[in-house]
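Please open the model in your viewer and keep the sequence beside it, ready to select residues by number.

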Amino acid sequence: MRLLREKYDAVVVATGAQGEKKLGLAGEELPGVYGAPEFVKWYNGHPDHASLNPVSPGDAAVVIGQGNVALDIARILGRPEHEMKVTDINLTALGRINEWQHQ
């Protein structure tokens, strides 16, 4: 995990498990490493996760995982704001992601 954080500004771990599932990797607790459930609930506007303040992924981010959740996160991080505005994504999260894309 430390090597990934050296190469990427943000790491999202999307293991496909219900709830948060840690992989036991060194560095999972580092700033800028998020579990998929927490990150998805943030961009979906869940009130219990509204205070999450994800760091900017900078020029590159990595999503570790498989399946729909991992792909959704990767798509959301890479899609332009005008494409995402027509979805039900939380507008505050969308604005933040848009800021990251234009740094």
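Predicted model: local features only at pLDDT ≥ 70, side-chain atom pairs only at ≥ 80, totals over all residues.

Residues are numbered from 1 along each chain as its sequence is written, and side-chain values use heavy atoms, with hydrogens and water left out.

Begin with the three strands, which form an open sheet with parallel pairing in the order E2-E1-E3; strands (E, at least two residues) and helices (H or I, at least four) are DSSP runs numbered from the N terminus, and two strands pair if DSSP finds at least two bridges between them. Select 33–35 for E2 and 61–65 for E3, the edge strands, each of which pairs on one side only. Next select residues 10–14, strand E1, which pairs with E2 over three bridges in the parallel sense, and look for Val11, whose bridge partner in E2 is Val33.

Finally, select helix H5, residues 91–101, whose axis comes within 8 Å of that of H2 and crosses it at roughly 110°; axes are lines fitted to C-alpha atoms, for helices over the stretch in contact, and angles run from 0 to 180 degrees between N-to-C directions. H2 is therefore roughly perpendicular to H5, a term for angles of 65 to 115 degrees. Show the side chains of Phe39, Trp42 and Tyr43 in H2 and of Ala93, Arg96, Ile97 and Trp100 in H5, which make the contact.

Terms used
Parallel < 35°, antiparallel > 145°, perpendicular 65-115°, else oblique. Contact = heavy atoms within 4.5 Å.
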